[in-house]
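Open the model in your viewer and keep the selection panel to hand. The stops below go from confidence to chain contacts to helix packing.

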Amino acid sequence: MLQGVDLDVPAGEVTMLLGRNGAGKTTTLRTIMGLWKLRQGRIGFAGQELGGMGPSAIARAGIGYVPEEMGIFGDLTVAENMRLGARTRRMRQDRIDWLTAAFPALGTFWHRPAGTLSGGQKQMLSLARVMVEPRQLYLIDEPTKGLAPAVVSVLVGALRQLKSEGATILMVEQNFAVAKALGQNAAVMDDGRTVWSGRMAELAGDAGLQDRLMGLHLEGHR
Amino acid sequence: MTAPRSWLLIAVVAVILAALAAAPFLFPGVRAMDTAARICVFIVLAASYDLMLGYAGIVSFAHVMFFGMGAYGVALASVHLGREAPGLILGAGAGMAVAVVLAALIGLFSLRVRAIFFAMITLAVASAVAVLVSQLSGLTGGEDGLSFQIPRALSPSAAYLPDPLPGLDPAALPGVVFGDAPMESLFSEVRANGKLAAYYLVFASMLVLLALMRRLTVSPFGTVLQAIRENEFRAEAIGYRVVRYRIAVTCISAGIAALAGALYAVWLRYVGPDTVLGFPIMVDLLLMVVIGGMGTVWGAVIGVTLFMLARGYLQDLMAAAQGAVAADLPALAVLLEPDRWLMWLGLLFILSVYFFPAGIAGRLKSGR
Amino acid sequence: MSDAAPAHAPRIERAGLSGRLRPLIPWLLVPAAILLGYLGIWAQASWPLLEPVLNEDGTLRTRVFDLAPFDVRLSSWLTLTVSGLAMGMMIFVMASGLTLVFGLMDVINFGHGAFVAIGAFTGITVLLAFPGLAGAESLAANLALVGLAALAAMAVTGLLGGLFERIIIRPVYGAHLKQILVTMGGLIVAEQMIHVVWGPSEIFIARPEMLKGALTFHGAAIETYRLMAVGLGLAIFLAIRAVLRHTTIGLIVRAGVQNGEMVEALGYRLRLVFVGVFIAGSALAGLGGVMWGLYQEVVTATMGAEIMVLVFIVVIIGGLGSVEGCFLGALLVGLTQNYVAFLEPKAALVSDIALMVLILMWRPEGMMSAGGRR
């Protein structure tokens, strides 16, 4: 259950959503996406109220979602997965070129069923699938979870490029090193509420603050 | 929480059971007693079906098949072993055993994978068995079925008392009150023969089995079943083996259905595919349970009684209504054709699933 | 050009021969069934020869080496194979919509059989309305009439499907128990409505003139109509496959069967696609009903409920949600039913149950279960 999530995602910047397992980060993303019902409160996006809209309408409003479990269509080929990401009729060749350069494995296995990809490649595909078309907001749920460092650096590289395009991103990340490297803003959640939010630089530079937020979640365990 | 109002439900059920208990003395005639016996048998059948449907949330289309197995068990025992009671009990037991084993097998195959498979597979198996029974005419009598004998003590030729017992005939009441029929026509005579004994055997068995099922539903076992119905995943998470419970209730339900079938066979002294097997009876059973009220054994009592009465009276009512509108609204008259009674019950069925999932029993319970 | 870390090499590269053959096994079952059917027929012809014979010296001798010649009853086998395939194709046409509807929205429609019966009655009505075209000894006129009947049936059942989805099914999305009960109720009412519209008794119908005959091929009589049914069923299968593989709608449907939530989160209105699939599936059931009615040359109000038994077996063994599994399952059921009916008529329907049991023992979710995440 979420209670008291107060989150501001500035346009054109990357906001990291941090916090221990079960703090409600994934729930926050799913609720924004309309996959879970909003009981109370408001979700404003580009002048629209998203609460009460279905996931497909929210996606059409310009939000791209990379779920924690990646949501790959295993029986479809890599190319078909990508095509579903581009809601316009044709995929733009320059985007494809850019993405296959960022994720060479996708180009290699372009016509393979996505179910045969490795975990890291699936994550690349899931990310590439929303990046195939520019979106106004990207919701990305723990893209680096359980992946080898080499794969993480490929993903981080691609996310950097997305950031440099001026994309607005709200991303859940457990790996603080990754979060620090990509995020301009940070919000920390615990027990279904936001307990801190501000500039990432502030959080990264203040060991005491990190400790306090860290201590908070340790206490939560006891 | 709805305890005060549920007196209404208890009252309705008590009236029905009392009427069944006194049926031979209240409603004279062979047909009335036959209807009462059928109601008793179907109460057992419907209540056992409700164990699966209402308590465990499993839809089976093979329940009538299990019913038929008990019935054919008795019939085959009588034909091959003779009419004495031990043989018939053996036959009923064998039919019940086959039903339980088959239920367990179907359950193992389908409930393990997806509960929805169960509905489809039971439909397929039940229709295959029905076809098989009508084809294996050497064993089962085929489409014609089997007529057989039951113990002398239960047949009409056995007389227990030299003089008939006194009974009532309420149907004569209007004649006595408004007409000039003699007072004596209010009374009837009930012969204390084997048929009466058979009726009370059926009635008593119904009471025992109903009490047994009622006991089961309020036991921890019944509570777990309802927990599974409400939230399968949570029940599994708490540590209940959902599949085992489901298979267990399927077997119990099938076994009781077979016993109901055995009672039916004893009452009718006949079994045939159209009487104890087949899809139309399955449809009737669904209508009885859902309209009566899923999730309570009392719903079965009400549903069966209502259905059996409606079957007779609804058709009369429709015939009358049809006659009334035939001249002016021929299109409506077609819909009111007495043979179309099932259509109206079907509509009622759909509406009850949407709007009164707890059926009539649920309405009575909540007092609304 | 692969520079992915070796630890993440794609699994397909490591898959051995058996891994690559696995998806092909269901496809091989059909020829295997045809072969088994032949063996069965041949064995039955040989059976008397296997019984021991008393020699003059009083010893027993088996005549194992005096088996029937291999071409014995080849013609029966050919006839049975064609009618098994025809039956399978017709069941496939009726079942395809059902399996997709389940795959997409987890909706199981026990009233699907109503569309089969209503389609059959609609088609037969059209056929009976034009006796001139039906009696004409012109293949073109006959086919035009059958085509018209099929279109009328599909239009009626498609429309009814849309209404059924809206009125009966939409209120019970996500609740299996209620779905089964309500759609069953829909079937009961629909059967009664058939009686209201078309009267209480069955309707007998003769096929159009040019579809009555049979071809003779290697001594085997093969009905023209069955060949036509095989062709039409195959064409429909290929068409459905093409739509699923090469159109955007097909892509959405295939993706939706695997993960409907994600399809929605990518901005597609899955509900709308589902309604479309439901209507198309109902129309196909209606078409299947016309084909089945012409095959049996009689239509009854309960035919839908009866055929649903086979349709469910097919959908289960194929794997819920898989059109290809449904196609192969239908062919297997059709062939099994025909071979067994020839060898031992009483065991026909039981043999389909046995087939289902065998396949579920091998793959509990069916041959080609799609998605499999629920």
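Helices (H or I, at least four residues) and strands (E, at least two) are DSSP runs, numbered from the N terminus.

This is a predicted model, in which local features need pLDDT of at least 70 and side-chain atom pairs count only at pLDDT 80 or more, while totals for chains, interfaces and linings use all residues. Residues are numbered from 1 along each chain as its sequence is written, and chains are lettered from A and ligands numbered from 1 in the order in which they are written.

**Confidence**

Colour by pLDDT. Chain B averages 89, with 98% of its residues scoring at least 70. Chain A averages 87, and 95% of its residues score at least 70. Within chain A, go to helix α10 (residues 207-221), where the mean is lowest at 62, then to strand β5 (residues 137-141), where the mean is highest at 95. Next select residues 217-222 of chain A: pLDDT stays under 50 here, and the model has six contacts beyond four places in sequence for this stretch. A contact means that the C-beta atoms of two residues, placed from the backbone, lie within 7 Å. Where pLDDT is low, the predicted coordinates should not be read in detail.

Select chain C. Its secondary structure comes to 14 helices and six strands. Of its 374 residues, 51% are buried (20 or more other C-beta atoms within 10 Å of a residue's own, C-beta atoms being placed from the backbone). Counting contacts in chain C between residues at least 6 apart in sequence, 78% join residues at least 24 apart.

Now show chain A beside chain C. Here 24 residues of chain C are in contact with 32 residues of chain A. On the chain C side, α1 (11-14) and α10 (248-265) each give two or more residues, and α10(C) has the largest share, nine residues. That side has 13 nonpolar, five polar and six charged residues. Ala, Val, Leu, Ile, Met, Phe, Trp, Tyr, Cys and Pro count as nonpolar, Asp, Glu, Lys and Arg as charged, and the others, Gly among them, as polar.

**Helix packing in chain C**

Among the residues in contact are Phe121(C) of α5(C) and Trp198(C) of α8(C).

Last, select helix α4 (residues 74-105) and helix α13 (residues 323-343) of chain C. Their axes come within 6 Å and cross at roughly 145 degrees. The contact of α4(C) with α13(C) has 16 nonpolar, 10 polar and no charged residues.

Definitions and conventions: pLDDT = per-residue confidence, 0-100. Buried ≥ 20, exposed ≤ 12 C-beta atoms within 10 Å, placed from the backbone. Axes fitted to C-alpha atoms, helices over the stretch in contact; angles between N-to-C directions.
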